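Here is a quick walk through one protein model, written for someone who would rather look than read tables. Have the viewer open as you go.

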Amino acid sequence: MKITNKTLMLNIEHNVQVGHNGAIEATLVHTAFIYRSEKTKNVECDLDFADVINVKFMGISIEEGYEGIKKFKEGMITLGIDVNKIFDEKASQLITDEEVEKIKEMYTFVG
């Protein structure tokens, strides 16, 4: 067996409150892929906003899983609330450049 490359994959979870008066509580999950670029030889980190779990609306738990969240989002759209947009905007604010650098350090520590 010959290992030619390695990638460290991490899930990063943030508990958030969004919407009017924080009416929606959820855990937003990012997946980080950390690897050494063959081209530049630098450690790189790609972040993907991957999932929304543990959703509550006004303190009431929403059914887990794809269908439960989908039903919740559809219900909110009928009220004129784009939950996808709200989650996307919040997710884009959660991981700082400094945190990305710390994540990259994990790769060199593991490696």
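## A buried serine in a loop

S37 has a relative accessibility of 13%, so it counts as buried. Keep in mind that this is a predicted model. The cut-off for buried is under 20% relative accessible area, and S37, at 13%, falls on the buried side. You'll find S37 in the loop between strand 2 and strand 3.

What does the side chain of S37 reach? Setting aside residues up to four places away in sequence, S37 touches N42 and E44.

Now move to H30, which lies in strand 2. Is H30 buried or exposed? With a relative accessible area of 5%, H30 is buried. Its side chain reaches the backbone oxygen of A91 at 3.3 Å.

H30 has quite a list of contacts once its neighbours within four places in sequence are left aside. Among them are L10, N11, I12 and H14, then D48, F49 and A50. A91, L94 and I95 are in contact with H30 too.

## The nonpolar core

In soluble globular proteins, nonpolar side chains tend to be buried together. Here, the largest nonpolar core has 25 residues. The ones with the most contacts inside it are I24, L28, I34, V55, F72 and F87. Two or more residues each come from strand 1 (7-18), strand 2 (24-36), strand 3 (43-57), helix 1 (65-78), helix 2 (83-91) and helix 3 (97-110). Strand 2 gives the largest share, five residues.

Not counting residues up to four places away in sequence, F72 touches I24, V55, F57, I62 and V83.

## The largest pocket

How much space lies in the largest pocket? About 170 Å³. Its lining is made up of A50, D51, V52, I53, E64, G65, Y66, I69, K70 and K73. A50 turns up here as well as among the contacts of H30.

Which element gives the most to this lining? Helix 1 does, with five residues. Strand 3 and helix 1 each supply at least two residues of the lining. Sorted by class, the lining of the largest pocket has five nonpolar, one polar and four charged residues.

Technical notes: Residues are numbered from 1 along each chain as its sequence is written. This is a predicted model: local features need pLDDT of at least 70, side-chain atom pairs count only at pLDDT 80 or more; totals for chains, interfaces and linings use all residues. Side-chain values use heavy atoms; hydrogens and water are left out. A nonpolar core is a set of buried Ala, Val, Leu, Ile, Met, Phe, Trp, Tyr and Cys residues joined through side-chain atoms within 4.5 Å. Buried means under 20% relative accessible area, exposed over 50%, partly exposed in between (1.4 Å probe, protein chains only). Helices (H or I, at least four residues) and strands (E, at least two) are DSSP runs, numbered from the N terminus. Contact means heavy atoms within 4.5 Å. On a 1 Å grid over the protein atoms alone, a cavity is a set of points where a 1.4 Å probe fits but cannot get out, and a pocket is an open set with protein on both sides within 12 Å along at least five of seven lines; lining residues have an atom within 4 Å of a point. Grid points are joined across faces, edges and corners, and a volume is the space filled by probe spheres set on the points. Ala, Val, Leu, Ile, Met, Phe, Trp, Tyr, Cys and Pro count as nonpolar, Asp, Glu, Lys and Arg as charged, and the others, Gly among them, as polar. A polar contact is a pair of N or O atoms within 3.5 Å; within protein, one must be able to donate a hydrogen and the other to accept it, and residues adjacent in sequence count only if both atoms are side-chain atoms.
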